[in-house]
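Here is a short report for a reader meeting this structure for the first time. Please look at the sequence and the model before reading on.

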Amino acid sequence: MVKPLNKVSRRVLKYFFESREPVLLAQAGDIRSPPVFLVGPPRSGTTLIYQAITSGLRTAYFCNFAEWYPHTPLAASEFLNRAIERYESDFTSDYGEVAGRAAPSEAKGIWKSWLGRDRTDGSDMRMEKVAVARRTIAALQKMRGAPFVAKDISNALRIRALDKLFPGCLFVRVSLNPADIAQSILVARQTYRQEHDCAHTNNPLQEWVFIDSCDYEQFYDLPYLEQIANQVFHTDNILEEDLAEIPEARVLRMDYEQFCLHPREELDRLTGFTAAHGTHFQAKAPIPAAFRTRLRGEHLEGVNELRDLVHRLYANWQFAGAQEDQDRLSA
């Protein structure tokens with residue numbers, strides 16, 4: 001968990017950033033190259049890939065420090081620009097949170113201020129927010145002299161809105177064995193709420209974690225194992241329904257386990273994909289030759305039942321990439 005500055009320092013910086021932000025927005029210019037968005041269900045490996053991209057390549061991204069000041073992310077990013085340039089990841093994280101002021105953030109507050117928290121096609125976006133969002137990304141690209149990349153797990157619900165907000169943007173669709181995702185969410189339900197001191201009931205297993213959506217309302221009253229299985233399945237459904245409206249040429253599908261085995265090759269594949277669309281990354285620092293994957297929770301009560309529930313839900317899945325997910329489940 002990243003600890004914020006003390007209240008006095010935050011107040012002083014807040015006043016300074018509020019005066020600086022409009023200047024940076026006014027100087028933004030146009031978006032230089034299509035932004036890149038990492039999307040996938042919770043616990044599918046998007047954080048590690050985000051770390052590899054922001055550590056191994058020169059990028060513009062929202063850092064943790066910018067997320068502390070969600071209404072003035074440009075001024076906060078400018079204040080920390082040198083640290084962002086030097087940032088190299090240790091490739092550890094805590095349920096999507098990466099330690100360090102310059103480390104890449106999901107920037108939930110920033111994205112929520114523009115797009116809301118639920119599934120959206122962007123039809124209700126106000127023009128002033130659209131203008132601020134576009135100028136913010138353009139200014140970050142100008143400031144960093146590099147393409148913009150983002151990962152917020154809630155962006156799995158915002159594909160169509162992001163496509164409207166940033167025409168021509170690129171998506172990296174991260175996949176993992178759905179049963180493994182469900183098992184990881186089960187572990188998180190047992191530990192995440194307690195570790196982050198945010199439990200709302202006496203039974204953390206009954207607490208929804210990471211993202212929810214109006215699309216999930218039909219599952220809220222189900223037993224928690226069915227909630228988890230349906231969250232994974234219907235997040236995948238939302239992703240595939242919305243990605244089906246994006247030209248296939250603008251979507252790169254990346255398997256998390258393959259990335260862990262060959263991260264450098266997969267990063268090369270990503271940069272080749274983005275370059276074909278005018279988004280050119282430059283190398284910054286070497287990344288490991290491989291990452292070790294570890295699945296926890298094998299001995300948790302209900303894990304076998306959970307995995308069976310996931311298998312049944314995916315048995316007749318019809319979306320693009322469905323065969324790959326069914327193959328993973330069978331492996």
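## A buried asparagine

Asn 155 counts as buried because its relative accessibility is 0%; buried means under 20% relative accessible area, exposed over 50%, and partly exposed in between (1.4 Å probe, protein chains only). Asn 155 sits in the loop between strand S2 (149-151) and helix H8 (159-165). Helices (H or I, at least four residues) and strands (E, at least two) are DSSP runs, numbered from the N terminus.

The model is predicted: local features need pLDDT of at least 70, side-chain atom pairs count only at pLDDT 80 or more, and totals for chains, interfaces and linings use all residues. Residues are numbered from 1 along each chain as its sequence is written, and side-chain values use heavy atoms, with hydrogens and water left out.

## Neighbours of Asn 155

Leaving aside residues up to four places away in sequence, Asn 155 touches Phe 37, Val 39, Trp 111 and Leu 162. Such a contact means heavy atoms within 4.5 Å. The side chain of Asn 155 also makes a polar contact of 2.9 Å with the side chain of Arg 158. A polar contact is a pair of N or O atoms within 3.5 Å; within protein, one must be able to donate a hydrogen and the other to accept it, and residues adjacent in sequence count only if both atoms are side-chain atoms.

## Salt bridges

Arg 158 has another partner: its side chain meets that of Asp 152 in a salt bridge (3.1 Å, N to O). A salt bridge is a side-chain nitrogen of Lys or Arg within 4 Å of a carboxyl oxygen of Asp or Glu. Both Arg 158 and Asp 152 are buried. The whole structure holds 19 salt bridges.

Arg 173 and Glu 240 form one of 3.1 Å between the closest N and O atoms. This pair links distant parts of the chain, with Arg 173 in strand S3 and Glu 240 in helix H10, 67 residues apart. Both are buried. Lys 14 and Glu 18 also meet in a salt bridge (2.6 Å, N to O). They are 4 residues apart in helix H1, so about one helical turn separates them.

## Strand S1

In strand S1 (residues 36-39), Val 36 and Leu 38 point one way, Phe 37 and Val 39 the other, and all are buried. S1 runs parallel to S2, joined by 3 bridges. Two strands pair if DSSP finds at least two bridges between them. Val 36 stands opposite Val 149 in S2. S1 also runs parallel to strand S3 (residues 170-175), with 4 bridges. There, Leu 38 stands opposite Val 172.

## Cores and rings

The largest nonpolar core has 97 residues; Phe 37, Phe 62, Phe 65, Trp 111, Phe 148, Phe 166 and Phe 171 touch the most other members. Its largest share, 8 residues, comes from helix H10 (residues 224-243). A second, separate core of 7 residues includes Ile 153, Trp 208, Phe 219 and Ile 238. A nonpolar core is a set of buried Ala, Val, Leu, Ile, Met, Phe, Trp, Tyr and Cys residues joined through side-chain atoms within 4.5 Å.

Ring pairs link Phe 37, Phe 62, Trp 111, Trp 114, Phe 148, Phe 166 and Phe 171 into a cluster. Rings of Phe, Tyr and Trp (its six-membered ring) pair if their centres lie within 6.5 Å; planes under 30 degrees apart count as stacked, over 60 as edge-to-face and the rest as tilted. The count comes to 23 aromatic pairs.
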